[in-house]
Amino acid sequence: MDNTQKAPKVMKESKNRIRVEFEDRTPLLERLKSKIFSVYFLTNVVWYAFRLVLMIGVSYVILFPFFSKIAGSFMSPSDFVDPTVCVIPKSPTLDIYKAIIRENGYFSAFFNTTLLSLSTALIQTFICTLVGYGLCKFKFKGNGLVMILVVVTMIVPHETIRLSMMMHFRYFDIGGVQGLNIPGLFKFVTGIFNGGFSNGLTLDLMDTFAPLLILSIFGLGFKNGLYIFMMRQFFTGVPDELEESAYVDGSNTFRTFFQIILPLSVPMMVTIFLFSFCWQWTDDFYTSVFFTGESVHLMPDILQIPESLKTAANYAAQALYHTAINNTCGIMIIFPLVILYLFCQKSLVQGIERSGIVG
C-alpha cells in the first residue's frame with residue numbers, strides 16, 4: 001500500500017475566492033505595487049516593448065520606399081533642387097498625374113488592359129479548373145506525361161519561344177506546318193480560289209487580343225502551368241465519395257463537375273482569377289510580342305516621360321524628376337490592383353490555404 005500522500009489540488013473556485021479576498025483586504029496602492037514590480041510583469045513589458053520596436057523598424061524599412069515614391073509624385077521641379085525637401089513637398093502639385101492622364105493615354109490604357117485582363121482571367125480560370133480536375137480525378141494512360149508537360153511550361157524560359165510565337169500568330173493557320181510547307185485550313189481554302197496552295201493566305205493576328213485568348217483557351221496562356229498545378233493540388237483534397245455518390249444518383253461527368261465540383265472550388269477559382277488578372281495587368285512580355293504597333297494602348301505603354309515634362313526641370317534635377325515621373329507611372333499602374341486586393345484579400349488567402357502548395 002502506497003503511504004505517500006499527494007498534495008491537495010487547489011480548485012479554480014478556491015483560487016478565485018483567494019484572489020477576491022486579497023483584493024478586498026489589500027489597499028489599491030499595495031495591489032498596484034505588487035503587480036507592477038513583479039518579475040513576471042516587468043518581463044512582459046520588456047518583451048512587448050521589444051516586439052513593438054522591432055515591428056516599427058521592419059514596417060519602416062518596408063513601407064518607406066512606397067511613401068517616398070508617393071510623396072515624390074506630388075513634388076514640383078523646384079522641390080528636387082531644394083536641399084531642405086526630403087520627403088514632404090513644399091509646393092505640392094498634380095502636374096505629373098495630369099500629364100500622364102492627358103499625354104500618356106491613361107484611361108485608354110486602363111480600358112484596354114481591363115478588357116484584356118478580365119477576358120483572359122475568366123478563360124484561364126475555367127480552363128485550368130477543368131484541366132486540373134481531369135488530371136487529378138481521371139486515371140488514363142499518359143496522365144503523368146501530361147503533368148510533366150504542364151510542369152515544363154512553368155520552367156521553360158519565355159524568351160526561347162518568343163520568335164516562334166510571333167511567327168505563328170503573324171502567319172496563323174489551323175493545322176499547317178510552315179517549316180514543312182504543309183498548308184493549314186485557311187491556306188487550303190483560300191488556295192482553292194487563288195489557283196494553288198502556294199497562293200493561299202493566312203491570318204495575321206498581331207496587334208489583336210486573339211493570340212492571348214487562343215493561348216488561354218488551350219491552357220497555354222501566361223502562368224497557366226502554375227494555375228493547373230494549383231487546381232490539381234486542390235482537387236486532391238476533394239473526397240472521391242462526393243463524385244461516386246453523384247454517379248450513383250445518375251449524374252454524368254459534366255453535370256457532376258458543374259453542380260458539385262465547381263461550387264466547392266469557388267475560393268480556389270477566385271485565387272486563380274486574381275493571379276491571372278493581376279499578372280496579365282502588369283505583363284510586358286506577351287504584350288510586347290503580340291502588340292508591335294500602336295493600335296492597342298495598354299498599361300505598360302504609359303511608362304514613359306510625357307512630352308510636357310521632359311524639360312520641366314533644370315539639368316541638375318532632371319534625372320531625379322524623371323525618376324519620380326516613372327515612379328508615378330508605376331503607382332498609377334498598380335493602384336487598381338491595390339483596390340482589387342482590398343476587396344478580395346479574404347478570398348485570396350482562403351484559396352492559397354486550400355491550394356495544398358503551402359506548408
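In this predicted model, Lys137 counts as buried, at 17% relative accessibility. Asp240 forms a salt bridge with Lys137, with the closest N and O atoms 2.8 Å apart. Because Asp240 lies in helix 11 (residues 240-248) and Lys137 in helix 5 (residues 106-137), this pair ties together parts that are 103 residues apart in sequence. Asp240 is partly exposed, its relative accessible area being 39%.

The side chain of Glu243 also meets that of Lys137 in a salt bridge, at 3.8 Å from N to O. Here too distant parts of the chain are linked, Glu243 in helix 11 and Lys137 in helix 5 being 106 residues apart. Glu243 is buried, with a relative accessible area of 5%. Through shared partners, Lys137, Asp240 and Glu243 are joined into one network of salt bridges.

The structure holds 3 salt bridges, among them that between Arg102 and Glu103, whose closest N and O atoms are 3.8 Å apart. Arg102 is exposed, at 59% relative accessible area, and Glu103 is partly exposed, at 31%.

The largest pocket has a volume of about 350 Å³. Its lining comprises 18 residues, of which Thr153, His158, Leu220, Gly221 and Tyr286 lie nearest the centre. Helix 6 (143-155) and helix 10 (224-235) each supply at least two lining residues. By class, this lining divides into 11 nonpolar, 6 polar and 1 charged residues.

The second largest pocket has a volume of about 290 Å³. Residues that line this pocket include Phe66, Lys69, Asn327 and Phe335. Helix 15 gives the most to the lining, with 6 residues. The lining has 6 nonpolar, 2 polar and 1 charged residues.

Definitions and conventions
Residues are numbered from 1 along each chain as its sequence is written. This is a predicted model: local features need pLDDT of at least 70, side-chain atom pairs count only at pLDDT 80 or more; totals for chains, interfaces and linings use all residues. Side-chain values use heavy atoms; hydrogens and water are left out. On a 1 Å grid over the protein atoms alone, a cavity is a set of points where a 1.4 Å probe fits but cannot get out, and a pocket is an open set with protein on both sides within 12 Å along at least five of seven lines; lining residues have an atom within 4 Å of a point. Grid points are joined across faces, edges and corners, and a volume is the space filled by probe spheres set on the points. Helices (H or I, at least four residues) and strands (E, at least two) are DSSP runs, numbered from the N terminus. Ala, Val, Leu, Ile, Met, Phe, Trp, Tyr, Cys and Pro count as nonpolar, Asp, Glu, Lys and Arg as charged, and the others, Gly among them, as polar. A salt bridge is a side-chain nitrogen of Lys or Arg within 4 Å of a carboxyl oxygen of Asp or Glu. Buried means under 20% relative accessible area, exposed over 50%, partly exposed in between (1.4 Å probe, protein chains only).
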